[in-house]
Each structure stands twice: as C-alpha cells, then as structure tokens.
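Dear colleague,

I am passing on the structure we spoke of, and my notes follow it. Please read them beside the coordinates.

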Amino acid sequence: QMMVEYLRHYEIPFTVVATKCDKISKAARGRSIPVICRKLAVQPWEIIPYSSEDGTGRDKLLSFLEQTALGKPAENP
C-alpha cells in the first residue's frame with residue numbers, strides 16, 4: 001500500500017502484478033482480485049495475475065512492460 005501511495009504521489013504509472021497465482025484455484029483468484037482492488041484502490045484491469053510456473057499472465061505482463069518502455073499508455077483489456 002505504501003508503494004502504491006508513493007507511485008501515485010510522484011505520478012509514476014504502475015500495474016499490480018499478483019505473483020504465485022498458480023498456487024490458488026481460478027475461483028479463488030477471482031475472489032482475490034476484488035480484495036486487492038479495495039486494498040490498493042486500483043481497478044481490476046490494473047492487476048496482472050502472474051505465474052512463472054505455468055506462464056499465466058506472461059503475455060499481458062510483457063505487453064505492459066513493452067508499452068511502458070516505449071512510453072505508450074497501457075491499454076485496458
């Protein structure tokens with residue numbers, strides 16, 4: 001929460017990467033996203049569920065990083 005406040009204060013674009021998403025079921029993941037949204041005051045499209053184990057979210061994360069590196073605004077899904 002402190003990092004999100006810092007990034008907002010300095011107007012630094014960010015997205016939330018929720019790692020280890022392979023450790024919970026898709027149903028539990030669906031229930032966790034709204035909790036993260038409330039705690040961090042972000043929108044669901046600002047969260048990327050990610051797993052290095054099974055590759056979940058890899059393409060979305062790489063796309064976000066590429067757009068950020070090119071100075072383009074992130075696209076909403």
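**Notes on the chain**

Along the sequence, the chain runs in the order α-β-α-β-α, with three helices and two strands; helices (H or I, at least four residues) and strands (E, at least two) are DSSP runs numbered from the N terminus. The model is predicted, and local features need pLDDT of at least 70, side-chain atom pairs count only at pLDDT 80 or more, and totals for chains, interfaces and linings use all residues. Residues are numbered from 1 along each chain as its sequence is written, and side-chain values use heavy atoms, with hydrogens and water left out.

The C-alpha atoms fill a box of roughly 35 × 25 × 20 Å along the principal axes. Among contacts (heavy atoms within 4.5 Å) between residues at least 6 apart in sequence, 51% join residues at least 24 apart.

The accessible surface comes to about 5,900 Å², with 56% belonging to carbon and sulfur atoms; areas are from the Shrake-Rupley method with a 1.4 Å probe, and for residues only the protein chains shown count as cover. Of the 77 residues, 25% count as buried, where buried means under 20% relative accessible area, exposed over 50% and partly exposed in between (1.4 Å probe, protein chains only).

Arg29, in helix α2 (residues 26–40), is buried yet has no salt bridge, and the nearest side chain of opposite charge, Asp54, is 5.4 Å away. A salt bridge requires a side-chain nitrogen of Lys or Arg within 4 Å of a carboxyl oxygen of Asp or Glu; Lys and Arg count as positive and Asp and Glu as negative, while His and the chain ends are not counted. Leaving aside residues up to four places away in sequence, Arg29 touches Cys21, Ile24, Pro49 and Thr56.

On the surface, Met3, Tyr6, Tyr10 and Ile12 form a nonpolar patch with about 440 Å² of accessible area together. Met3 belongs to helix α1 (residues 2–9) and counts as exposed because its relative accessibility is 53%.

Two residues other than glycine deserve a look for their backbone angles: Glu11, in the loop between α1 and β1 (16–18), has a positive phi near 55°, and Lys20, in the loop between β1 and α2, has a positive phi of about 65°.

Notes:
Patches are made of residues with over 30% relative accessible area and no salt bridge: like charges are joined within 9 Å, nonpolar side chains (Val, Leu, Ile, Met, Phe, Trp, Tyr) within 5 Å.
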